[in-house]
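Me: Please take me through this structure by question and answer.

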Amino acid sequence: MRYLVRRLEFFVVTLWAALTLNFILPRLLPGGPEVALLTRFHGRIQPATIKSLEVALGIRNDQNAIQQYLSYMGNMLRGDFGVSLGFYPQRVSHVIMLALPWTLGLVGTATLIAFLLGTLIGILGAWRRGGILDSVLPPIFVVTSAFPYFWIGLICILVFAITLGWFPQAFGNSSEVTSELSWTFISDVLWHSILPAFTIVLTSIGGWILTMRNNMITTLAEDYIKMARAKGLSPTRIMFQYAARNAILPNLVGFAMSLGFVISGALLVEIVFNYPGLGTFLLQAVKNEDFSLMQTLFLLITVAVLLAVMVADFLTAWLDPRTRERG
Amino acid sequence: MGLDVRLVADQSAIQAEAARPEAGGLHIVGRALLGNRKALAGVIILGIFLVLAIIPGMLAPYDPHAQIFAQTLGPSREHLLGTTGNGQDIFSQLIWGTRESLAIAIIAGLLATGISLLIGVSSAYLGGLSDHVLSLVTDVFLVIPTLPLMIVLAAYARNGGLAVLISVIVVTGWSYGARQLRSQALSLRNREFLDAARVRGERSGYVIVFEILPTMTSLIVANFLGVALYAVLAAAGLQFIGLGNPSDMSWGTMLFWAQNNGALNAGSPLWAIVPGLCIGLLGAAFALLNYAFDEITNPALRPVRRRR
C-alpha cells in the first residue's frame, strides 16, 4: 500500500512538473511572453491568433501570475490546448490526432518487435556463453548504439531507397493512392513503413539484448538453476521457465523506462523519413514557432511514457512478490 | 535501462574496494583499462579525436567555411572526401568539426556528472525528507522524455549558441547517474570506515569529499562516459534539426546542411555519411570504455572461453 502511494505521488509530481514547465518556459523569454511572441509574430498573425495563443500558454493581461497559472492548469486538465499557429485555425488536438495513428502504428510495432527479438537473443546469448550470439552481437550493438538513430535512417535511405530502389524514400503513403480502407492503401502504408521500422528496430534492439543477457547471466548463477539442472530437467525448460522468467523482470521495467528514449529516437527517424507522425509535426512546430503545438506534443509524449511506466510498475508488482513486500 | 545490472555491478565493486578503500584510486582504473581490449580501442579512438580537436589548423588542408571550390565534387587527391553542395571541402570541415563535438561531450559530461554526484551523494548521505525529495526530483527527470524536452528548451532559447546546447544536454542528462550514485552511496553509508570518520568528529563535507568519493571513483568515471556518449548523440540530434548554431562548425551542423541541401539525392552522399561516422566513432569510443568498465567492475560479465 505504501508502495502504491509512493508511485502515485511520483506520477502526479511528474505530470505537474511537465505542465508547470510548459507554463514557465514562455515566461522566461526576454521581455515576457507577450512582448517576445508579438515581436516574433509581428505582422504575421491576426489578433485572434494571439488570443488563442494566450489560451494555450495561459497568458492573460487582466490576471496576476497565480490566476494565470490556475486557469492554464484548468485548460490543460480539460484537454483544451488552444489553436495551432502553424496549422491555423485548426485546434492543436485536431492536428495531433492527424499524426498520432501514424506514430502509434510505426513506433509501437517497431518497438515491440525490437523488444521481443532483443529479449530472445539476450536469453539465447546468455544461455550459450561464448557462443556466436554471446561473443559477436553484444560488442556490435555497443558500437551501433553509439550512432545517431537518424543517421542510421539516412544510411538506410541511401542504400535501400536511393541506390537499390527497393523502398520509398519518404512519407507515409504514396500521394496517388487514396486514403481508404482498401488493400491497395494498406499495402502501400506497410510498404512505406518497412524502412523506418527497420531503422528503429536496428537502433533500439541492442539495449534489450544487453540488458536481458546481463540479467540472465546473473540469474543463471542462482542455486535454483543448479537445482533444476541436478533434477535433470530439459535445457529448454530451465532456460525459459526457470531462468528467463526471473531475468525478464528488470527488462520489463527497462522497457517502460526507456520508452521515452525510444520515442525520442523514433521522432528523429520520423523526421528523416518525412513520416507524417508526431516527430515530423514536432519539427514543423519548432520551425513555425508554433509553441502551442510544440508544448502539447511534449506533454502528450510525457503522459504516454508515464502511462507505460505505470503499467510496467503494476505488472512488476503483480509478477514479483518481492517488490510488494519491500513496500 | 540496465539499471539493475548496474546495481549488481556496483555491489561487487563496493565489496572489492571496501576491502582496501585507500587503494581504490585512479591507478587501478588506469591499469585495468589498458589490460582490456575494448577499453584500449576506446582510448585510441578518443586519442585520435583529441589530437584533431587540438590542432585542426595543422591537419586540415583548407578553410572549412570557404565556399571556393566546385560544388559536389567526388573524392579526389585535392579533396579527399569531395566537396559539399556549397563548394566547401568536406575533409576540412570534418577535422574542424571535431573540436566542438568533442568539447560538448566533455563539458556536458563533466557538468552532468558533477550534478549527479552532488544530488545523488547528498541524497543518500542526508537521508530522511531531503532524500525523499531529491529522489523524487531525480525520478521525475529520469522519466520525462529527453528529446522532446530538449527540443522545447532549445526552441525557446533559440540562437543561444553552444552554452544553451550544453545546458540543455546537462539538464536532461544528469538524472540517471544521480540515481546510480545514490544507490552506491547508500550502500556505503554504514561502512565502518565512515563510522570511524564520524567518531573522529569530521564534518559531513569532509566525509563526503575525502571518504565517500574516492571509493566511488570507478562508478563516477563510468558515469562520465555514459553522459559523454549521450551528449555526443543529443548534440548531433539537436544540431541536425537546426537547433544548434548553424554557422558553427561541428559534425551535427554538417549533417544539418547536408540534409537541407538534399545531399543524398544530389550526388554528394559523403557529406551526410562521414560526419555521422565520426559521431558514431566518438560515441563508440565512450561506449566501449563504458562497456569495459562494466566488465572490470563486474567480473561475471567478462567474456568467457567456451567450455563444455
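**Buried residues, cores and cysteines**

Reply: In this predicted model, T119(A) sits in helix α5 of chain A, which covers residues 92-127.

Me: Is T119(A) buried or exposed?

Reply: Buried means under 20% relative accessible area. The relative accessibility of T119(A) is 5%, so T119(A) counts as buried. Beyond four places in sequence, T119(A) has contacts with A114(A), W208(A), M212(A), I248(A) and N251(A). The term for T119(A) is therefore buried.

Me: Which residues touch the most other members of the largest nonpolar core?

Reply: This core has 153 residues. Helix α14 of chain B (residues 269-297) gives the most to this core, 16 residues. Domain 1 (31-80) and domain 2 (92-326) of chain A each supply at least three residues. The residues that touch the most other members are M294(A) and I169(B).

Me: Which residues of chain B are in contact with M294(A), leaving aside its neighbours within four places in sequence?

Reply: With those neighbours left aside, the contacts of M294(A) include L282(A), A285(A) and V286(A) in chain A. In chain B, the contacts are V152(B), A155(B) and Y156(B).

Me: How many disulfides does a search of the whole structure find?

Reply: A disulfide is a covalent bond between the sulfur atoms of two cysteines. The cysteine sulfur closest to that of C156(A) belongs to C278(B) and lies 19 Å away, too far for a bond. Both residues are buried, C156(A) with a relative accessible area of 5% and C278(B) with 11%. Over all chains, the number of disulfides found is zero.

Definitions and conventions. Residues numbered from 1 in each chain as written. Chains lettered and ligands numbered in written order. Predicted model: local features only at pLDDT ≥ 70, side-chain atom pairs only at ≥ 80, totals over all residues. Heavy atoms only, no water. Core = buried A, V, L, I, M, F, W, Y, C linked by side-chain atoms within 4.5 Å. Buried < 20%, exposed > 50% of the residue type's maximum accessible area, 1.4 Å probe, protein only. Helix = DSSP H or I, 4+ residues; strand = E, 2+ residues; numbered from the N terminus. Domains from an automatic or database assignment. Contact = heavy atoms within 4.5 Å. Disulfide = S-S within 2.5 Å.
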